[in-house]
Amino acid sequence: MAKIKHSKPQTSNVKRENFDVTAEQQAEIDCLQSLIKAPSRKEAVLTAVRLTLQLASENKKGKQLFLGTELGANMEKVLILNLQTPDIWPWRYLVEIPHVWKKQLHVKGRKLPAANVWIDMLVNKMTRKEAAHNWDLPLEAIDEIVSYCQENKQLLELEAAEEKRRLAKKGITFEPQTAH
């Protein structure tokens, strides 16, 4: 007959969490426990922590949470406070591109500063349609670029002056040369 070895139960590093909660917070934990049918308050809190970790991880990857009755039908975006910021970005076709000193927006999907399109339109006296055709952009993008550039004219002027200063420092100038 084989001998059965009895070993002491393994103890893991367990840290006891002990913190005070208000009556309102306790009611929230009790409500969560009831809604998810958790066997204990501890399991309810741990489930909430795991869910929050999963949501934060997915949000960090750029994913968003939507709720609805059917996939794609009447879907509603869910904003999870402290995990993501409200979607208040006013631009559909413009995005930020990190740069050491330039702050102007660029056309989404391209490394094309909005000011380049706007200045090209002004210098070449292009219509909206001509600019859209020239830059292969929808008319709505052109309208957005013009609106953005008009609203941020001071920023664009400051960036242009800084660019000119940096180029001059390198010995590059763009002043028209006079004929001799």
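Biologist: What makes A141, I142, E144, I145, V146, Y148 and C149 the buried residues of α5?

Modeller: Buried means under 20% relative accessible area. In this predicted model, those seven names are the ones in α5 that count as buried. They pack against β3, β4, α3 (114-123), α4 and α6 (153-169).

Biologist: How do you know that the span of α5 agrees with its 13 residues?

Modeller: Take 1.5 Å times one less than the number of residues. For α5 that should give 18 Å, and the end C-alpha atoms are 18 Å apart, so the two agree.

Biologist: Okay, now its neighbour. Why is α4 called roughly perpendicular to α5?

Modeller: Helix α4 (residues 128-135) and helix α5 (residues 139-151) pack at an angle of about 110°, with their axes 9 Å apart. Angles of 65 to 115 degrees count as roughly perpendicular, so α4 gets that label against α5.

Biologist: Which residues meet there, in α4 and in α5?

Modeller: From α4 it's R128, K129, A131 and A132, and from α5 it's L139, I142 and D143. Four of the contact residues are nonpolar, three are charged and none is polar.

Biologist: And the strands: what makes β3 and β5 edge strands?

Modeller: The open sheet of three strands runs β3-β4-β5, with antiparallel pairing. β3 (94-95) and β5 (112-113) each pair on one side only, and that makes them the edges.

Biologist: How do you know that β3 and β4 pair?

Modeller: Pairing needs at least two bridges. β3 and β4 (residues 106-107) have two, in the antiparallel sense, so they pair. L94, for instance, has V107 in β4 as its bridge partner.

How values were computed:
Residues numbered from 1 in each chain as written. Predicted model: local features only at pLDDT ≥ 70, side-chain atom pairs only at ≥ 80, totals over all residues. Heavy atoms only, no water. Helix = DSSP H or I, 4+ residues; strand = E, 2+ residues; numbered from the N terminus. Axes fitted to C-alpha atoms, helices over the stretch in contact; angles between N-to-C directions. Parallel < 35°, antiparallel > 145°, perpendicular 65-115°, else oblique. Contact = heavy atoms within 4.5 Å. Nonpolar A, V, L, I, M, F, W, Y, C, P; charged D, E, K, R; others polar. Buried < 20%, exposed > 50% of the residue type's maximum accessible area, 1.4 Å probe, protein only.
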